[in-house]
Amino acid sequence: QFRILPEGTWREIAPGARRKDIAEDVYLLRLAPGASEGEPVIDKVTHRFVIEGDLKVGRRHLRAGDNDRAIVGSVAKAPKSDGGCLVLIVLSNS
């Protein structure tokens with residue numbers, strides 16, 4: 001079940017990292033080339049869907065069309081991008 005929010009605005013969350021909330025527990029993440037999101041706190045299951053560009057999550061290097069899932073309590077290193085990216089993030093309880 002999604003609760004649609006009014007059209008959001010991009011806000012900077014770290015140098016070169018911007019976030020746009022599009023629904024409750026759903027947001028877009030845009031990283032500039034070489035940027036990092038910062039160390040995430042994994043308190044919900046985190047699904048990452050790479051829409052464009054590339055995203056490094058730990059030892060995985062994701063590209064457009066790839067996805068990643070992090071379970072609650074997992075240790076996460078700051079996701080970063082070599083060439084820049086747009087990622088859809090969906091948080092859930094399972």
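1. Arg-30 counts as partly exposed in this predicted model, its relative accessibility being 26%. This value lies in the range between buried, which is under 20%, and exposed, which is over 50%. The residue belongs to strand β3, which covers residues 26-31.

2. Which residue meets the side chain of Arg-30 in a salt bridge? The partner is Glu-52, and the N to O distance is 3.1 Å. The two residues are 22 residues apart, and the pair links distant parts of the chain: Arg-30 sits in strand β3, whereas Glu-52 sits in strand β4 (residues 45-57). Glu-52 is also to be classed as partly exposed, because its relative accessible area is 38%.

3. A second pair involves strand β4 through Lys-56. The side chain of Lys-56 meets that of Asp-82 in a salt bridge, at 3.1 Å from N to O. Asp-82 is placed in the loop between β6 (67-70) and β7 (85-92), so this contact ties together parts of the chain that are 26 residues apart in sequence. Both partners are partly exposed: the relative accessible area is 44% for Asp-82 and 28% for Lys-56.

4. How far apart are the closest N and O atoms in the salt bridge between Arg-19 and Asp-21? The distance is 2.7 Å. Since a salt bridge requires the nitrogen to be within 4 Å of the carboxyl oxygen, the pair qualifies. Arg-19 is partly exposed at a relative accessible area of 23%, and Asp-21 is partly exposed at 26%.

5. For the structure as a whole, a search finds seven salt bridges. Among them are the pairs Arg-19 with Asp-21, Glu-52 with Arg-30 and Asp-82 with Lys-56.

6. One point of backbone geometry deserves a comment. Asp-25 is not a glycine, yet it has a positive phi of about 65°. Where does Asp-25 lie? Asp-25 is found in the loop between β2 (17-23) and β3. With a relative accessibility of 26%, Asp-25 counts as partly exposed. A student examining the model may therefore place this residue between the buried limit of 20% and the exposed limit of 50%.

Terms used: Residues are numbered from 1 along each chain as its sequence is written. This is a predicted model: local features need pLDDT of at least 70, side-chain atom pairs count only at pLDDT 80 or more; totals for chains, interfaces and linings use all residues. Side-chain values use heavy atoms; hydrogens and water are left out. Buried means under 20% relative accessible area, exposed over 50%, partly exposed in between (1.4 Å probe, protein chains only). Helices (H or I, at least four residues) and strands (E, at least two) are DSSP runs, numbered from the N terminus.
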